[in-house]
Amino acid sequence: MGSQDTLSAFISPFADEHYTDFYDAHVARFWKPGHGSDIQLIWESLQDLLRLQDRASPLNVVDMGTGTGRVIRGLLANAKAEGIEKLDTKFFGIDPGTSMLRRGRDLLEANEQLHGIADVTWVLSDALGFTADEPAVCGATDLLFFAGGGFNHLLSPGEIVGFLREVARSLRTNSPSATAVMVIQGESIPSMMATFPNDDGEASTVVSKKMPEITYEKSADTKTWAGPLHVDAFTLKVKSTEDGRVLKEFKFRYDLRQFDEEAWPGLVEKAGLKITRERDYALGRAYYLQRM
């Protein structure tokens, strides 16, 4: 990495290796494990299912939009902390980003304390086609979760219903306990927005965990609204930690949709699902869904 390289055109962050490296250090500042986290919410749901006595096989658990596997590693760490040597569970980490999945696999392999607690399969797919891309989860999923704000990347009611229909197809056939948990960030829920500022859109500087000789400098997001949709854009500079030289510079953008509380129940029902529970937590709200 010698001379400065600036990419002037905006690109999707999730396809770039530098963004993936930055992502881990950046999100660690906002998505912390422990009491009140999305990981704790999902851990409680997983524990409820594991306590059921009528299971003939391990639980299949789908982490939709897994990114670099933050939640899966968090669940395995919870098991380790509670002295559980083996979870009767198989995880499927699903994401459309090749670099994200590669990083998730590498991070898990590097953490020897989490080895052997549960099987993990990494699947390159998206929210609208994952049951076809990974047939093992079709009609056989006991718990599916969409955490970390990923739900807001579904940009239209049609995409939301399409995803929810995939969820319905994935949930275990004839299992009244099979559950999907949609974790929605409070900053995207109109009735909660005043309480949950968009802190992760602020400027930040973080040192790479993988390459400490590299420091990432992120600009504050610029947000452009068009009805319920908004485009968030930012610049990411790759700098030398030693002398501050800018080695590369990227302009990233991603599209998001504000959560529609009024339309939500109808979209769920249209997909053949029902809301069995709503739960507010430290960073937003979780909706628990089951087949109708």
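Predicted model: local features only at pLDDT ≥ 70, side-chain atom pairs only at ≥ 80, totals over all residues.
Residues are numbered from 1 along each chain as its sequence is written, and side-chain values use heavy atoms, with hydrogens and water left out.

Q: What is the average pLDDT of the protein chain?
A: The average is 90, and 90% of the residues score at least 70; pLDDT is the predictor's confidence in each residue, from 0 to 100. Over residues 1-9 the pLDDT is below 50, though this stretch still has 20 contacts in the model beyond near neighbours in sequence. Contact here means heavy atoms within 4.5 Å.

Q: How many helices and strands are there in the protein chain?
A: There are 7 helices and 13 strands. Helices (H or I, at least four residues) and strands (E, at least two) are DSSP runs, numbered from the N terminus.

Q: Why is Thr215 called buried?
A: Buried means under 20% relative accessible area, exposed over 50%, and partly exposed in between (1.4 Å probe, protein chains only). Thr215 has 11%, so it counts as buried. Thr215 sits in strand β8 (residues 214-218), and its contacts beyond four places in sequence include Thr205, Val207, Lys237 and Thr241.

Q: What makes the link between the side chains of Thr215 and Thr241 a polar contact?
A: The term covers a pair of N or O atoms within 3.5 Å; within protein, one must be able to donate a hydrogen and the other to accept it, and residues adjacent in sequence count only if both atoms are side-chain atoms. The Thr215 and Thr241 side chains are joined at 2.7 Å, so the distance passes.

Q: How do you know that Gly284 and Gly129 are buried?
A: Gly284 has a relative accessible area of 0% and Gly129 has 17%, so both fall under the cut-off for buried. Gly284 belongs to strand β13 (residues 284-291), where its contacts beyond four places in sequence include Ile184, Met192 and Phe196. Gly129 lies in the loop between β4 (119-124) and α5 (130-133).

Q: Why is Asn174 called exposed?
A: Its relative accessibility is 77%, so it clears the cut-off for exposed. Asn174 is in the loop between α6 and β6, and it has a positive phi of about 60° although it is not a glycine. Most residues other than glycine have a negative phi.

Q: Why do β4 and β12 count as edges of the open sheet?
A: The sheet has 7 strands in the order β4-β3-β2-β5-β6-β13-β12, with mixed pairing. β4 and β12 (273-281) each have a single partner strand, so one side of each is left without a neighbour in the sheet. The twist averages 20° from one strand to the next.

Q: How do you know that β6 and β13 pair?
A: Two strands pair if DSSP finds at least two bridges between them. Strand β6 (residues 179-185) has 6 bridges to β13, running antiparallel, which meets that rule. One of the bridge pairs is Met182 with Tyr287. β2 and β3 are also joined by 6 bridges, but run parallel, and there Val62 has Phe92 as its bridge partner.

Q: What makes β3 largely enclosed by the rest of the structure?
A: 6 of its 7 residues are buried, so the description holds.

Q: Which helix lies across β2, β5, β6, β12 and β13?
A: Helix α6 (residues 157-170) does, running at about 160° to β5. Axes are lines fitted to C-alpha atoms, for helices over the stretch in contact, and angles run from 0 to 180 degrees between N-to-C directions.

Q: What makes helix α1 mostly covered?
A: 10 of the 11 residues of α1 (residues 17-27) are buried, among them Tyr19, Phe22 and Tyr23. The buried residues of α1 pack against α4 (98-110), β7 (204-207), β8, β10 (229-240) and β11 (246-257).
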